[in-house]
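Hello,

Here is the structure I promised to pass on. My notes on the ligand site and the salt bridges follow.

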Amino acid sequence: MRRYHVTTFGCQMNAHDSERIKGMLEELGLGEAPSQQDADVVVFNTCTIREKPDTKFAAYMGEAAARKRERPGTVIAVGGCYAEAQRERLFSLYPDVDVAFGPGTIPHLAEWLGAGGFGVSRGAWGTADERTFAAGLPMHNERRFQAWVQISMGCNSTCSYCIVPAVRGREVSRRPGDVLAEVGRLAAEGVKEVTLLGQNVNSYGRDLQTDFASLLRAVDRVEGIARIRFTSPHPKDFRREVIEAMADCDAVCEHAHLPLQSGSTRILKAMRRTYSRERYVRLATEMRDAIPDLALGTDIIVGFPGETEDDFRETLEVVEEVGFDSAFTFVYSPRHGTDAAAMPDQVPDEVKRDRIERLVELVQRIAAERNATRIGRVEEVLVEGPSRTDPSLMRGRTRRNTTVNFTGDGSPGELVDVAIERATSTTLAGAAVRARQAVSAARS
Ligand code: 5AD
Ligand code: SF4
C-alpha cells in the first residue's frame, strides 16, 4: 500500500484542512505513514504568517528533497498559505515539488495527485471565485470526541501587518444549514466539543443575512454537543448579541480569544485594527461582566514599525489592566506585500527582543496569578488522554481552556470533575473527584 504523511504548520484552520487532506488521501487508497521518511506521498500544509514558519518549511523541504533523490518515486505536494503566497515561484524555489495547491483548492488535490498515477501533474491555484470549503471533504479525525468546524473562509479586514487576506482571499460564509448538518453528524458520531473556525468568526453571515450570534444559538441546540468554542474573533465585530449568546448558551465555553495586538491607540491605528485601547478594554470588561468566570486569551505583537517605548508601555498597561488568562506573543515580522513591511521606522531586532522578553514575563506572571485562583475549585474537564509529561496522569481541558493533569480515572472523551490542587502559568493539576456522566446517570 502506498503511504502518505502530512506535516502541518500554522493555525487551527490549517490543522482542520490537514484532516481533510488526510481524509481525501485515504479515499484514494493511501495509508498514513508514521513519518515523512516512510511516505511515498509527502504533503506539507504550510503557513506564512511570520518568517519563522517559512524557514521551518524550508528545512523540512530540504529533507524531503534529499530523500526524493534516494527514492525518485516519492511525490511531494505543498499546500497552504506559503504555497498560495509564492504561487508559481514555488516550483523554481523548490524544484522537487510535484504538486502545489492553495488553501482554497484543497478539493483539487486528489485530482492533481491522481491524474497520472501520482506526481505527474503540477498543481495550479484557481481564482478566488473557485475557492471551495475543505469542510465538504471526507475527514480523518484525530480525536473522535473533538472536532473543528469551518464556518467561513477568507478575511475582509485589512490589518497592515497581516498576509492572511492576501492568501486566503475575501470572506465567504458557509451556509448555516451546512454548518448545522455537519455539527449534527459529528454529534451522532460521539463528538462532544466543536470549535467553530473562521479568520474572523464574528463577521460570519453578513453575506448570508444572518449572524454569528444566531449560529452560536443554533449550534447550542444540537443534542449531544457539550462544549462549543470558536476562533478567531476580531474585537471590532464582537457585538452585544454575541456576548448575550455566550452568556445564554450552556454549551458555549467561558473562554474567548480576543486579539489585542497592541495597547497603544496610535499603533492600533497604524495596524488598521479600527478600535482604540479604551474600546478594547471596555469590550473586555463588558464580556467579563456578562459571562461569569470568563477566561480571556489574546495575541500581541511587539516591535510594529514606529512602536516607541511609550507605545510598548501602553501594551504592558493593558495586559495588566485586562488580566489575560493566556496570551500568544509575537515579534513583528515584515511580510512581503503588506503595507507595514514598507513603513519607515522598523524597530531594531535587539529592541524587539527586549520588549518580547518583558512582555512574556508579565503575561506569565498574570496568567500564573489567575490560574492560582482556581486552586480549591472543582472544574469540569474533558479528558483528552494520558499526560504528556507523566503517563501515570491523565490530561484534559477545562471549559476555560486550561490544560489540567490529574490523578484518577477518566477515559478520552469523558467529562470528569477535577479538584484543582496546583497551578502554573499554563497548566493546572489536581485529582478526579467523579465522572460527570456517571453522576447524572445515577440521578436519573
Ligand atoms: N508579524 C508578527 N505577528 C503577526 N501576526 C499576524 N501577522 C503578523 C506579523 N506580520 C500575529 C497576530 C495574529 C496572530 C495569528 O499572528 O497577533 O493575531
Ligand atoms: Fe498561517 Fe495565517 Fe495561513 Fe493560518 S491562515 S496557516 S496562521 S498564514
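A salt bridge here is a side-chain nitrogen of Lys or Arg within 4 Å of a carboxyl oxygen of Asp or Glu. The model is predicted: local features need pLDDT of at least 70, side-chain atom pairs count only at pLDDT 80 or more, and totals for chains, interfaces and linings use all residues. Residues are numbered from 1 along each chain as its sequence is written, chains are lettered from A and ligands numbered from 1 in the order in which they are written, and side-chain values use heavy atoms, with hydrogens and water left out.

Salt bridges first. The count is 44. D17 and R168 form one of them, at 3.4 Å from N to O. D17 sits in helix α1 (residues 12-27) and R168 in helix α6 (residues 164-168), so the pair ties together parts 151 residues apart in sequence; helices are DSSP runs of H or I, at least four residues, numbered from the N terminus. Both D17 and R168 are buried (under 20% relative accessible area, 1.4 Å probe, protein chains only).

E321 pairs with R277, with the closest N and O atoms 3.5 Å apart. This pair links helix α12 (residues 309-322) to helix α11 (residues 277-290). R277 is buried at 14% relative accessibility.

Now the ligand. R50 places a polar side-chain atom 2.9 Å from an oxygen atom of ligand 1. For D299, the distance from a polar side-chain atom to a ligand 1 oxygen is 2.6 Å. A backbone N or O atom of Y161 lies 3.1 Å from a nitrogen atom of ligand 1.

Best wishes

Methods
A polar contact is a pair of N or O atoms within 3.5 Å; within protein, one must be able to donate a hydrogen and the other to accept it, and residues adjacent in sequence count only if both atoms are side-chain atoms. Helices (H or I, at least four residues) and strands (E, at least two) are DSSP runs, numbered from the N terminus. Buried means under 20% relative accessible area, exposed over 50%, partly exposed in between (1.4 Å probe, protein chains only).
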